[in-house]
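User: I would like to go through this model with you and ask, for each term, what stands behind it.

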Amino acid sequence: MVTGRLYGGRGGEQRQAERRAQLIEAGLDILGGPEGDHTLSVRGVCKRTGLASRYFYENFADRDELTVAVYDHVIQRIAESTLRAVTEAPRDERAVVRAGVANIVREVAEDPRLGRLVFSVSQANPHLVSRRLESSRMFAGLVTAQAVDFFEVSSTPRLDLAAHFVVGGLAQVLTAWLEGDSPLGEDEVIEACTDFLLTMSSQAR
């Protein structure tokens, strides 16, 4: 059954999905841009994409909904690629930890917009503040789950606390590094953070 007319071989749902992706990419350009613009306007996003405003409202109720969608898109991208890197790493403690750290560092280094949005964005936007707290809890949960699986231990309040400490500490380190407060190179940051997390891991078990 055909649900919409085809244009250039693409159905209506596919074209809408493509427009949504364009709007999210434009939102990421603005929110994660080097100028530090932490607000979005419907007009500004539409101008950047070349889309009429009706296509904006086809996908988002308002600019706040787009802001949340942009942040969620970035977090999903980082979480999925990090889990994939950890899963594909050799079953060695250092290799697993380093794979996760290296993936996060390289994601934000290769696309600075991601780092600015997740780690360096002003706390003034309440929607980003809320999402940041939720994503921190999500990443802490993933750390706990990985530890339970890898070390075959039980989840405990101490392990959960350590997971939150790890996530918060890594976020702060990357914030400082991205803002130029640390002179270390990419590989040096990866190795240092791997060492820190391994030390923390031995204390938490």
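Analyst: The chain has nine helices and zero strands, where helices (H or I, at least four residues) and strands (E, at least two) are DSSP runs, numbered from the N terminus. This is a predicted model, in which local features need pLDDT of at least 70 and side-chain atom pairs count only at pLDDT 80 or more, while totals for chains, interfaces and linings use all residues. Residues are numbered from 1 along each chain as its sequence is written, and side-chain values use heavy atoms, with hydrogens and water left out.

User: How do you know what confidence the chain has?

Analyst: On the pLDDT scale, the predictor's confidence in each residue from 0 to 100, the chain averages 88, and 90% of the residues score at least 70. Helix H6 (residues 112-120) has the lowest mean, 86, and helix H3 (residues 53-59) the highest, 96.

User: What makes residues of H1 count as buried?

Analyst: Buried means under 20% relative accessible area, exposed over 50%, and partly exposed in between, with a 1.4 Å probe and protein chains only. In H1, residues including Arg15, Arg19, Leu23 and Ile24 are buried, and 40% of the 205 residues of the chain count as buried.

User: What is the largest nonpolar core, and which residues touch the most other members?

Analyst: A nonpolar core is a set of buried Ala, Val, Leu, Ile, Met, Phe, Trp, Tyr and Cys residues joined through side-chain atoms within 4.5 Å. The largest has 46 residues, of which Leu66, Leu117 and Leu174 touch the most other members. Helix H4 (residues 63-88) gives the most to this core, with eight residues.
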